[in-house]
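This briefing concerns helix packing and nonpolar cores. Please consult the sequence and structure shown here while reading.

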Amino acid sequence: MSVFALFSTPFVRTELPNASAMNTELRALFLQREREGARWRNPDPSMNINKGLFESNFDLFSWPEPCVQKLHEFCMRKLFALIGELNGYTNEELYKLESQTHAWFHVTRRNGRFTAHNHPMASWSGVYCVDPGQHDADVPDSGALHFQNPHQQSAMFRDPANRQLKDAFTTSGRNIHLKAGELVLFPSWMFHEVFPYQGEGERITVAFNCWFRPLGSGSADQGPYLR
């Protein structure tokens, strides 16, 4: 008997080597711009932003600071590589794609959270961890990035024959506990949330959404990320 998976959902977890210095610069930059308030805050959030959360505007990857551009390049390189692998594109075909991107940062303090949502006007999304914060030891899911199981009908009937399915076959959601320098890529249709942060200091992350079109349709990120 051969057990195999259908309707799978691709995720990537990867790390930027030697990210400490870049993360230190990003942390200082983001905290400074948070202090400046309205100039950098998202002026029209689509979701409720609670007291413990700061959300920037969505043009982060256009900022000229070297630390931001280093992160931008890392994220796009990994995303283009993923797209090529999943779609079977050659490098020549990838060079014919360009992306448009929204990117922003979050600074989360105690009790800050982000409720369940997805990004319906994009194909791929990512979250990069600048600083995970200092979580309270007795709250293991503090600040966890939680993904809902997309198979909504899989739990319509539960009994001992399906209650403990393992690995890719589980009917439960999944938590990802990000560490500094880690990037997670996932399809934008996936519903996800950030559980309340219970800890000291700040949990600082960068999020982005991307959508693609043929090269030459307009100015956007493109093939040089394949270098």
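The model is predicted, with local features needing pLDDT of at least 70 and side-chain atom pairs counting only at pLDDT 80 or more, while totals for chains, interfaces and linings use all residues. Residues are numbered from 1 along each chain as its sequence is written, and side-chain values use heavy atoms, without hydrogens or water.

**Helix pair**
- Helix 1 (residues 20–35) and helix 2 (residues 66–87) pack at about 120°, and their axes lie 9 Å apart.
- Helix 1 contributes Met 22, Glu 25, Leu 26 and Leu 29 to the contact, and helix 2 contributes Cys 67, Val 68, Lys 70 and Leu 71 (contact means heavy atoms within 4.5 Å).
- These contact residues comprise six nonpolar, no polar and two charged.

**Nonpolar cores**
- The largest nonpolar core has 36 residues, and those with the most contacts inside it include Phe 30, Leu 71, Leu 79 and Phe 208. Such a core is a set of buried Ala, Val, Leu, Ile, Met, Phe, Trp, Tyr and Cys residues joined through side-chain atoms within 4.5 Å, where buried means under 20% relative accessible area with a 1.4 Å probe, protein chains only.
- Among the elements giving two or more residues to this core are helix 1, strand 3 (97–108) and strand 12 (203–214).
- Helix 2 gives the most to this core, with 10 residues.
- Another core lies apart from it and has 12 residues, among them Leu 53, Cys 129, Leu 145 and Val 194.

Key: Axes are lines fitted to C-alpha atoms, for helices over the stretch in contact, and angles run from 0 to 180 degrees between N-to-C directions. Helices (H or I, at least four residues) and strands (E, at least two) are DSSP runs, numbered from the N terminus. Ala, Val, Leu, Ile, Met, Phe, Trp, Tyr, Cys and Pro count as nonpolar, Asp, Glu, Lys and Arg as charged, and the others, Gly among them, as polar. Buried means under 20% relative accessible area, exposed over 50%, partly exposed in between (1.4 Å probe, protein chains only).
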